[in-house]
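Please keep the sequence and the coordinates at hand while reading.

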Amino acid sequence: MLNGAGLDAVLGKMLNNYLATNRAARVLRDALDEAGIGFLPVVDHMTIRTRNIEARAEEFVRLGYVLAETLNYGDWFAKVYRVTGYPALFVDQAYPDQRGATSLIPGWVSTFSDRDFHHIAVRVEDIEQAIQRLIAKGVVFAGEIVGERGSELRQIFTAPELVNGQPFSVLELTERHQGYQGFSPPQADSLMKSTVKRA
């Protein structure tokens with residue numbers, strides 16, 4: 001059962017922590033605030049890195065999120081949780097066996113814990129236009145757009161924000177078409193790799 005007040009409190013705290021450490025997200029939030037929109041209404045999904053998806057997701061499950069799908073990648077996997085009226089929650093971890101040995105997730109969690117968002121994705125209408133406008137405000141992007149023009153899903157990460165010299169959080173721009181609300185494993189894996197080069 002949805003606990004809207006509790007969920008608003010948890011998400012509000014985590015979003016404020018994320019915004020405090022991610023310049024690209026603050027640039028976007030300030031522009032949205034100027035238009036009277038605010039940041040949360042454009043959030044497509046929120047991502048948490050962890051060592052144990054079920055244990056970390058439990059806080060959100062108690063507040064109303066439910067498991068919607070599991071996605072598998074080369075050295076990591078993710079579970080997507082959803083609740084009506086809120087952005088999707090994407091929780092990822094390295095495989096706990098030998099397959100996860102090359103994943104960068106455990107190192108990130110050891111450095112930063114799993115109490116903050118690794119990234120927030122915001123939904124944009126035209127990803128090229130959004131990139132140009134953010135670049136004009138000094139935002140730097142990592143890699144190229146993942147997903148072909150006209151496809152259901154196109155995404156890009158900003159360059160990672162550094163905390164104590166370590167790559168911490170990124171902002172993701174997401175362009176969706178044809179009502180597609182899912183995630184593409186090849187695209188998510190490409191996005192994760194796009195920030196490694198800059199790390």
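**A strand and its surroundings**

Strand β5 (residues 119-123) pairs with β10 in the parallel sense, over five bridges. The model is a predicted one, and the description below should be read accordingly. Within the pairing of these two strands, A121 is the residue that stands opposite E172 in β10.

How many of the residues of β10 are buried? Seven of the seven are, so the strand is largely enclosed by the rest of the structure. In a regular strand, side chains alternate between the two faces of the sheet. In β10 both faces are covered: V170, E172, T174 and R176 are buried on one side, and L171, L173 and E175 are buried on the other.

E172 lies in β10 and counts as buried because its relative accessibility is 1%, against a cut-off of under 20%. Its contacts, leaving aside neighbours within four places in sequence, are H45, H119, I120, A121, V122, Q155, I156, F157 and L191. The side chain of E172 makes a polar contact of 3.0 Å with the side chain of H119, and a polar contact of 2.8 Å joins the side chains of E172 and T174. E172 and T158 are 14 residues apart in sequence, and their C-alpha atoms are 6.4 Å apart in space.

T174 also belongs to strand β10, which comprises residues 170-176. T174 has a relative accessible area of 0% and is therefore buried. Not counting residues up to four places away in sequence, T174 touches D44, H45, A121, V122, R123, V124, L153, R154 and Q155.

The next element is helix α2 (residues 23-34). Its twelve residues should span 16 Å at 1.5 Å a residue, and the end C-alpha atoms are 17 Å apart, which agrees. The buried residues in α2 are A24, A25, V27, L28 and L32. Seen down the helix axis, the buried residues of α2 fall within an arc of 160°, so they line one face of the helix. They pack against α1, β5, α5 (127-136), β7 and β10. At the start of α2, a side-chain oxygen of N22 reaches to within 3.2 Å of the backbone nitrogen of A24. After α2 comes G36, with a positive phi near 80°.

The nonpolar interior remains to be described. In soluble globular proteins, nonpolar side chains tend to be buried together. The largest nonpolar core in this model has 42 residues, of which F39, Y65, F117 and L173 touch the most other members. Helix α1 (residues 4-21) contributes the largest share of this core, seven residues. Another core, of 15 residues, lies apart from it and has V80, I105, W108 and F168 among its members. As for Y65, its contacts beyond four places in sequence are L7, L11, M46, F60, Y81, R82, V83, Y86, P87, A88 and L89.

Notes:
Residues are numbered from 1 along each chain as its sequence is written. This is a predicted model: local features need pLDDT of at least 70, side-chain atom pairs count only at pLDDT 80 or more; totals for chains, interfaces and linings use all residues. Side-chain values use heavy atoms; hydrogens and water are left out. Helices (H or I, at least four residues) and strands (E, at least two) are DSSP runs, numbered from the N terminus. Buried means under 20% relative accessible area, exposed over 50%, partly exposed in between (1.4 Å probe, protein chains only). Contact means heavy atoms within 4.5 Å. A nonpolar core is a set of buried Ala, Val, Leu, Ile, Met, Phe, Trp, Tyr and Cys residues joined through side-chain atoms within 4.5 Å. Two strands pair if DSSP finds at least two bridges between them. The expected span of a helix is 1.5 Å times one less than its number of residues. The arc is that of the directions from the helix axis to the C-beta atoms. A polar contact is a pair of N or O atoms within 3.5 Å; within protein, one must be able to donate a hydrogen and the other to accept it, and residues adjacent in sequence count only if both atoms are side-chain atoms.
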